[in-house]
Amino acid sequence: MTKFARFLKDESGATAIEYGLIASLIAIAVIAGASALGNKLSDSFNYIQSQIKTS
């Protein structure tokens, strides 16, 4: 019975899951930000390229 009670009070697994969820949310935010930045950077380079070609 004491092993079962100790198992119910053990929160180390829950803490690890919480840290994993936080890390995954941060990774998703970084990927989304990098993707948006990459698209804007690509648009800027394409604009510069078109301006150089017309000159």
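Which residues make a nonpolar surface patch of about 560 Å²? Leu41, Phe45, Tyr47, Ile48 and Ile52 do. The legends below set this patch in its chain.

The model is predicted: local features need pLDDT of at least 70, side-chain atom pairs count only at pLDDT 80 or more, and totals for chains, interfaces and linings use all residues. Residues are numbered from 1 along each chain as its sequence is written, and side-chain values use heavy atoms, with hydrogens and water left out.

**View 1. The whole chain: two helices and zero strands.** The radius of gyration is 24 Å, well over the 10 Å that the globule rule gives for 55 residues, so the chain is more spread out than a compact globule. That radius is taken over C-alpha atoms, and the rule is 2.2 Å times the number of residues to the power 0.38. Along the principal axes, the C-alpha atoms fill a box of roughly 85 × 10 × 5 Å. Helices (H or I, at least four residues) and strands (E, at least two) are DSSP runs, numbered from the N terminus.

**View 2. The surface of the chain.** Areas come from the Shrake-Rupley method with a 1.4 Å probe; for residues, only the protein chains shown count as cover. Of the 55 residues, 0% count as buried. Buried means under 20% relative accessible area, exposed over 50%, and partly exposed in between.

**View 3. Ile48 in the nonpolar patch.** Ile48 is found in helix H2, residues 12-54. Why does Ile48 count as partly exposed? Its relative accessible area is 43%. Patch residues have over 30% relative accessible area and no salt bridge; nonpolar side chains (Val, Leu, Ile, Met, Phe, Trp, Tyr) are joined within 5 Å, like charges within 9 Å. A salt bridge is a side-chain nitrogen of Lys or Arg within 4 Å of a carboxyl oxygen of Asp or Glu.

**View 4. Ala36 and Asp10.** Ala36 is found in helix H2. Its relative accessible area is 41%, partly exposed. Asp10 is 26 residues apart from Ala36 along the chain, and their C-alpha atoms are separated by 41 Å.

**View 5. Gln51 and Lys9.** Gln51 also has its place in helix H2. At 38% relative accessibility, Gln51 is partly exposed. The C-alpha atoms of Gln51 and Lys9 are separated by 66 Å, with the two 42 residues apart along the chain.

How values were computed: Buried means under 20% relative accessible area, exposed over 50%, partly exposed in between (1.4 Å probe, protein chains only).
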